[in-house]
Amino acid sequence: MEEREFVRAVSERTGLSRQESADLTRATLETLAHRLSGGEDRALALKLPEGLAESVRRGATSAIEVFGYDEAVRRVAERNVLKKEEADSGVRAVLVTLREAVGEKEFGNAMAQLGTDFARPVEEFVG
């Protein structure tokens, strides 16, 4: 999946503009990368188009941060000056689109590190 296609899917799922969706996507991927091990963030980046992979690499840290889904939403909302509800919908849309972009195996590996706190909103979004 190309970056433009990824952003368009997020935009369609959220109702946000393409630019807002692009910003939201980058912020979400960077935030998620804070939660992933070095091996997992690199594996995820390899499955994404370069612009999105760069967001994962930019968010990668040497020490994994521990925070839940609500904190991820708060960080994305703050960074993009969005209401909590918009950021929540956006993070869910990015996660669902990420699953489509990287495939079930790689998405499952990332979700195993993120935990059920992140899996539940994805299931609710598509369910």
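**View 1. Arg92 counts as buried, because its relative accessibility is 16%.** Buried means under 20% relative accessible area, exposed over 50%, and partly exposed in between (1.4 Å probe, protein chains only). The model is predicted: local features need pLDDT of at least 70, side-chain atom pairs count only at pLDDT 80 or more, and totals for chains, interfaces and linings use all residues. Residues are numbered from 1 along each chain as its sequence is written, and side-chain values use heavy atoms, with hydrogens and water left out.

View 2. Helices are DSSP runs (H or I, at least four residues), numbered from the N terminus. Not counting residues up to four places away in sequence, Arg92 touches Tyr69, Pro121, Glu124 and Phe125. Contact here means heavy atoms within 4.5 Å. The Arg92 side chain reaches the backbone oxygen of Pro121 at 3.3 Å. Thr28 lies 64 residues from Arg92 along the chain, yet their C-alpha atoms are separated by 9.5 Å.

**View 3. Helix α1 (residues 3-14) packs with helix α6 (residues 84-102).** The angle is about 140°, and the axes are 9 Å apart. That makes α1 oblique to α6. Angles under 35 degrees count as roughly parallel, over 145 as roughly antiparallel, 65 to 115 as roughly perpendicular and the rest as oblique. Axes are lines fitted to C-alpha atoms over the stretch in contact, and angles run from 0 to 180 degrees between N-to-C directions.

**View 4. Residues joining α1 and α6.** From α1 come Phe6, Ala9, Val10, Arg13 and Thr14. The α6 side includes Ser89, Gly90, Ala93 and Glu100.

Terms used:
Helices (H or I, at least four residues) and strands (E, at least two) are DSSP runs, numbered from the N terminus. A polar contact is a pair of N or O atoms within 3.5 Å; within protein, one must be able to donate a hydrogen and the other to accept it, and residues adjacent in sequence count only if both atoms are side-chain atoms.
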